[in-house]
Amino acid sequence: MSALPKPDNATQLARDNLLKIHARCQEDRHAYFPETAGELINNTAELRVIVFSTRGLGFCQQLDQIEAAVRLKGGRIEALVHDVDDKDNLQNPHIAGYTQLTADTFFANPEAYKGCLIVDRTCTWYPGIRYKVRLKQAGFTVLRVEQFLNAPGLEAAGGSYRLHADVMLERFDEFLALERHWVDDLSLQTYYYTLAAFISMNHQYFAFHCGDYRQRYFSPDIDLKLNAQTVYADCGSHDGQEVLIFAERVKHQFKAVHAFEPDHTNFINLSNNIANYTARHGAKPIYCHELGVFDRNAYLYAEGYDSGVTITDQASSSGFGLHVCRLDDMLDELTHLRLEIEGAELEALHGANQLILKNRPTLTVSAYHKATDFPDLLKYIEETGLDYQLSLRHQSLEPGVLCIYGV
């Protein structure tokens, strides 16, 4: 690990801002929560919520969280607004009981929804908050979904967002000391603003160092040593989009790709997308495995659904379970490893320990699913003794695609 670089002005400013946020949040846990939103949530006869954007395979799971939070206040979800490119859930029976509007329909008569609180999901993968100005001009109070779930009086519905915030606040000195791991100023700035976003429960800080989501887990300024000899393990492949981004990056020349996806529905989509790719580019050494990666070979109980499936530590003999494997038992060679597996990243690293020690692959490891991801993952990487040079990059306006890169 390299010593902490001498900070430039922007890095020092980011660190100073983090220290101020930490101090203020110790005094007032909701110091950075919009005052008008707090009044609307806690001082109205009935909380009425409009959810903007239904996109994404994980939307229904998030909708359940929003619904639970609204019920805490005896309120209701007034409507779901479909953004212009929301296609995933138009026919989903899970949302059939809600009033559904297009964005154009909503803005044609916003007065009909006066007094409603807007819970905004539209900026999740966009380089900006799509409707925020129009909503403000129409007199609406707008909260990002993460802010809403952690609002004063709704903390019981906050889930992992609140857990991250509280752990980082309580163990702040420990988290701040992890700054020594990062080798460049952009990583330091990204780390400081990440801690600021979680601790303040105001995710606008994630936008300060958001990269290009189209690049996802292959940040263009990180040299991951990808080339025609690369053996790439893509873990948490979902529908295979990262495999396709990788293939484009290396101009379709690579030694092998192993795509791991344990959810059967996702695996079908993955297989179809890879089949379409090979039809266009010819037979390629891409192997799809209907398996998760973990620290053992087992059938484990899983929670959630769609893109939010989480493997637990509990063995399953019946019911909802997923097959998992150790990469050490699956692969003989590995030059790049990507882990985006809903909180099982540390276990997967342990299950690939011999491969890592033998091959020293470059790494892209997600670091936002668990509140202790930063200390746990950085400790593991450091203890390999392989002197990885570590960077941190963030390609989204929410916690997602926050990754540790090791080269």
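Predicted model: local features only at pLDDT ≥ 70, side-chain atom pairs only at ≥ 80, totals over all residues.

Guide: Leaving aside neighbours within four places in sequence, Arg 360 is in contact with Leu 355, Leu 386, Asp 387, Tyr 388, Gln 389 and Val 407.

Visitor: Is Arg 360 buried, partly exposed or exposed?
Guide: Arg 360 is found in the loop between helix 13 (353–359) and strand 14 (362–366). Buried means a relative accessible area under 20% and exposed means over 50%. Because the relative accessible area of Arg 360 is 31%, this residue counts as partly exposed.

Visitor: Which backbone oxygen lies 3.2 Å from a polar atom of the side chain of Arg 360?
Guide: Among the residues in contact with Arg 360 are Leu 386, Asp 387 and Tyr 388. The backbone oxygen that lies 3.2 Å from a polar atom of the Arg 360 side chain belongs to Asp 387.

Visitor: What backbone oxygen does the side chain of Arg 29 reach?
Guide: Arg 29 lies in the loop between helix 1 (9–27) and helix 2 (35–42), and with a relative accessible area of 15% Arg 29 is buried. Its side chain makes a polar contact with the side chain of Asp 166 at 3.2 Å. The side chain of Arg 29 also reaches, at 2.8 Å, the backbone oxygen of Ile 199.

Visitor: Which residue caps the N-terminal end of helix 9?
Guide: Helix 9 spans residues 185–200, and 14 of its 16 residues are buried. At its N-terminal end, a side-chain oxygen lies 3.2 Å from the backbone nitrogen of Leu 186, and the capping residue that supplies this oxygen is Asp 184.

Methods: Residues numbered from 1 in each chain as written. Heavy atoms only, no water. Helix = DSSP H or I, 4+ residues; strand = E, 2+ residues; numbered from the N terminus. Expected span 1.5 Å × (residues − 1). Buried < 20%, exposed > 50% of the residue type's maximum accessible area, 1.4 Å probe, protein only. Polar contact = N/O pair within 3.5 Å; in protein donor to acceptor, adjacent residues only side chain to side chain. Contact = heavy atoms within 4.5 Å.
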